[in-house]
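Please examine the sequence and the structure before reading on.

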Amino acid sequence: MSTNLTPGAKLRQAVADSKPLQLVGTINAFTAHMAKQSGHKAIYLSGGGVAANSLGMPDLGISTIDDVLTDVRRITDVCDLPLMVDADTGFGGAFNIARTIRSLTKFGAAGCHIEDQVAAKRCGHRPGKEIVSQQEMVDRVKSAVDARTDESFVIMARTDALAVEGMQSAIDRANACLEAGADMIFPEAMNQLEQYAEFRKSVDAPILANITEFGATPLFSTPELAEVGVDIVLYCCGAYRAMNKGAETFYKALINDGHQRNVVEIMQTREELYGYLNYHEYEQKLDALFASQKQSEENE
């Protein structure tokens with residue numbers, strides 16, 4: 001992938017080059033390092049992940065754009081993989097959505113998805129979701145598209161209509177969003193491969209499947225999803241769920257055992273940690289600086 005491309009162009013190229021693209025959740029800057037060095041081509045910041053991990057709060061529309069931007073900047077400062085960001089409902093009305101798009105672009109994101117839930121939203125795999133009218137969702141997309149300062153920045157429209165109004169509504173909303181200028185479509189919480197195939201026949205744009213654990217969608221494989229025309233497979237939360245379980249195991253071991261000896265084997269080693277951070281390269285530069293200062297002092 002060319003390093004001269006904008007983040008949005010990198011993401012579009014990754015989608016075009018992959019069959020399909022695996023889009024992996026990175027909850028912080030260090031996990032972005034690990035995703036890249038593991039061979040992934042694009043990364044993702046989950047809104048629910050920001051709420052849970054950065055704020056310690058549920059994914060119920062409580063976090064703000066500034067909460068998200070803090071984590072976006074930290075990730076894009078250290079990782080040049082294209083970053084897709086969960087922008088929830090856009091964080092407000094038309095002017096707020098415009099600010100969201102401009103801010104995400106400024107902070108180095110490759111694109112974002114905006115959904116059609118009401119402002120008091122909830123996780124897309126929870127019951128009781130409510131969605132705005134199709135026209136209001138179209139207006140959200142138009143606000144996002146009009147606010148772009150970089151035409152390559154990806155505007156993805158997410159619809160939660162399947163669980164609320166059924167497949168035809170999801171298809172109608174997707175196509176209306178495409179007419180309004182959306183680049184890609186995210187149909188949330190499908191539960192059958194055949195649903196993706198049906199959606200693909202009626203929607204002429206890259207589509208995303210959210211394969212999140214413990215949700216409404218079974219854990220379909222990448223090859224299975226490729227066969228039904230899915231272009232992007234999102235693994236939004238799996239990494240941080242694994243990390244959190246590991247931390248919980250460590251904390252409980254200290255209480256129960258009085259030491260961490262029984263859980264050392266599940267830990268990343270010091271050298272593995274240093275490897276992802278290029279720690280020794282930094283240390284060598286520091287050693288060289290100290291040596292130079294010492295030599296200067298001796299020559300005085």
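In this predicted model, the largest pocket has a volume of about 480 Å³. Its lining consists of 30 residues, and those nearest the centre of the pocket are Gly-48, Asp-59, Cys-123, Cys-237 and Arg-241. Helix H3 (47-55) and helix H11 (238-257) each contribute at least two lining residues; the largest share, three residues, belongs to H3.

The second largest pocket has a volume of about 410 Å³. Among the residues that line this pocket are Phe-30, Met-34, Met-243, Phe-250 and Met-267. Helix H2 (29-37) and H11 each provide at least two residues of this lining, and H11 accounts for the largest share, with five residues.

The table sets out the linings by residue class.

| Pocket | Nonpolar | Polar | Charged |
|---|---|---|---|
| Second largest pocket | nine residues | two residues | no charged residues |

The helix pair is described next. Helix H8 (residues 167-179) packs against helix H9 (residues 193-202) at an angle of about 40 degrees, and their axes are 10 Å apart. H8 and H9 are therefore oblique to each other. The crossing of H8 past H9 is right-handed. On the H8 side, the contact is formed by Met-167, Ala-170, Ile-171, Ala-174 and Asn-175, while H9 contributes Gln-195, Glu-198, Phe-199 and Ser-202. Classified by type, the residues of this contact between H8 and H9 comprise five nonpolar, three polar and one charged.

Methods: Residues numbered from 1 in each chain as written. Predicted model: local features only at pLDDT ≥ 70, side-chain atom pairs only at ≥ 80, totals over all residues. Heavy atoms only, no water. Axes fitted to C-alpha atoms, helices over the stretch in contact; angles between N-to-C directions. Helix = DSSP H or I, 4+ residues; strand = E, 2+ residues; numbered from the N terminus. Parallel < 35°, antiparallel > 145°, perpendicular 65-115°, else oblique. Left-handed = near helix turned anticlockwise from the far one by under 90°. Contact = heavy atoms within 4.5 Å. Nonpolar A, V, L, I, M, F, W, Y, C, P; charged D, E, K, R; others polar. 1 Å grid on protein atoms, 1.4 Å probe; cavity = no way out; pocket = protein on both sides within 12 Å on 5 of 7 lines; lining within 4 Å. Points joined across faces, edges and corners; volume = space filled by probe spheres on them.
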